[in-house]
Amino acid sequence: MWPAGFQVRTGKEPTCSPQGGVANPRCPLVFDALVWGVVFRAPGYLFNGTIPLLVVLAVAEWKSAKSWRWYLTIWIIAGLLATGFPVRDPLRLSAALLAAAATGYLYWLLAGKSAGDWLQAWRMREPNAGRKLLNYAAYVVLAYLGYQLSGYLYYGGKLLWVSSGPEPDPGTPPFHVRFEREMTASKKVAMMDFPDPASCLKKAETDDLSTDRLNEMDWDRIDNADEAEVCVFRLLGSDENLSYATDWFEAQGFYVHPNFSSARPYVELDGTLRVTGVHSIRKDGPKFPTTGMIRRAFRSIPYSMSVDATWSKDGKQLLWVQTGFSTL
């Protein structure tokens with residue numbers, strides 16, 4: 001099935017993680033949301049958000065900035081930076097502003113009101129001054145974790161919405177999976193976040209969806225395998241047939257073996273046609289996520305990633321897309 005030297009795990013083993021190909025129906029959605037947030041989101045913010053924020057708050061402490069306005073401003077700016085200034089997404093913008101305002105006020109109550117007091121006490125060699133410093137540091141960590149928790153709740157809310165509410169629109173082109181059990185809650189969220197080809201492309205001044213334009217997938221927007229599958233489906237499915245698949249994969253930096261290419265697609269037992277692109281994680285790093293040192297470290301454990309795109313027997317309709325990861 002695979003050429004010599006290829007060892008691929010398709011990622012279809014049951015798992016509680018929303019990253020897996022098949023979600024275990026016994027796993028609660030809250031657990032899915034928590035795993036997604038803690039494992040795949042928080043570590044990246046530790047390096048990209050926590051340290052710069054601690055530096056700013058340390059300066060506020062040193063300058064004895066006790067006004068609540070300072071901390072409200074600091075946390076709002078941090079919230080907007082963390083969410084990429086989502087001015088085109090009113091719901092996400094409102095969530096970021098509300099979470100930032102609440103966290104800023106909480107931090108002001110816990111530490112901002114007495115900013116600089118510990119420093120003055122230390123200079124005067126007041127007893128327990130060192131303990132007060134540790135308390136303030138703990139308040140910073142607590143406030144930041146509270147802010148991150150709001151982000152996890154935001155994603156968890158999406159999981160609950162797609163699970164208890166109406167089925168999300170399949171989008172354009174209509175997204176399909178091979179088996180119904182593979183339509184997990186996290187995949188439905190990905191369908192909502194990426195409803196059409198334009199949502200998966202790099203920003204440009206044109207609305208053109210030519211073949212060359214469809215090659216410009218924005219991997220910076222991709223955070224997990226479900227989002228990757230949805231976007232690959234949106235873009236490959238927008239082409240007329242599988243003859244464009246090899247060029248598309250190569251434009252993303254994937255290797256396409258001649259026996260799994262557009263010219264010679266692999267013929268499955270049911271007659272459907274499969275084209276496969278392989279990305280070397282060991283050589284080029286993970287395709288996603290593109291930010292967050294620890295998040296990328298998690299995705300660097302496999303040595304390669306594969307994407308299977310399966311078409312109808314006549315090669316004119318994309319049926320489904322599946323990702324897989326190879327480990328030693």
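Good morning, colleagues. Please keep in mind throughout that this is a predicted model.

I begin with the chain as a whole. It contains 12 helices and six strands. The chain has 328 residues, and 46% of them count as buried. Turning to contacts between residues at least 6 apart in sequence, 62% join residues that are at least 24 apart.

How many disulfides does a search of the whole structure find? The search returns one. The partners are Cys200 and Cys231, with their sulfur atoms 2.1 Å apart. Cys200 lies in the loop between α7 (185-193) and α8 (211-214), while Cys231 belongs to helix α9, residues 225-236. The two cysteines are 31 residues apart, and their pairing links distant parts of the chain. As to handedness, the torsion about the S-S bond of Cys200 and Cys231 is about -85°, and the disulfide is therefore left-handed. Both Cys200 and Cys231 are buried.

I now come to the aromatic residues. A pair of aromatic rings is described by the distance of the centres and the angle of the planes. In this structure there are eight aromatic pairs, and I shall discuss two of them.

One is formed by Trp219 and Phe288, which are stacked, at 6.4 Å centre to centre and with 5° between the planes. What does this pair tie together? Trp219 is in the loop between α8 and α9, and Phe288 is in the loop between α11 (281-284) and α12 (293-299), so the pair ties together parts 69 residues apart in sequence. Trp219 and Phe288 are both buried.

The other pair is Phe260 with Tyr266. Their ring centres are 5.5 Å apart and their planes are at 10°, so this pair is stacked. Are these two residues buried or partly exposed? Phe260 has a relative accessible area of 3% and is therefore buried. Tyr266, at 25% relative accessibility, counts as partly exposed, because buried means under 20%.

Trp219 and Phe288 also belong to one aromatic cluster, together with Trp248, Phe249, Phe254 and Phe325.

Finally, I note a contact between a charge and a ring. The charged end of Lys113 sits over the ring of Trp108, at 5.4 Å from the ring centre.

Thank you for your attention.

Conventions: Residues are numbered from 1 along each chain as its sequence is written. This is a predicted model: local features need pLDDT of at least 70, side-chain atom pairs count only at pLDDT 80 or more; totals for chains, interfaces and linings use all residues. Side-chain values use heavy atoms; hydrogens and water are left out. Helices (H or I, at least four residues) and strands (E, at least two) are DSSP runs, numbered from the N terminus. Buried means under 20% relative accessible area, exposed over 50%, partly exposed in between (1.4 Å probe, protein chains only). Contact means heavy atoms within 4.5 Å. A disulfide is a pair of cysteine sulfur atoms within 2.5 Å. Rings of Phe, Tyr and Trp (its six-membered ring) pair if their centres lie within 6.5 Å; planes under 30 degrees apart count as stacked, over 60 as edge-to-face and the rest as tilted. A charge sits over a ring if NZ of Lys or CZ of Arg is within 6 Å of the ring centre and within 35 degrees of the ring normal.
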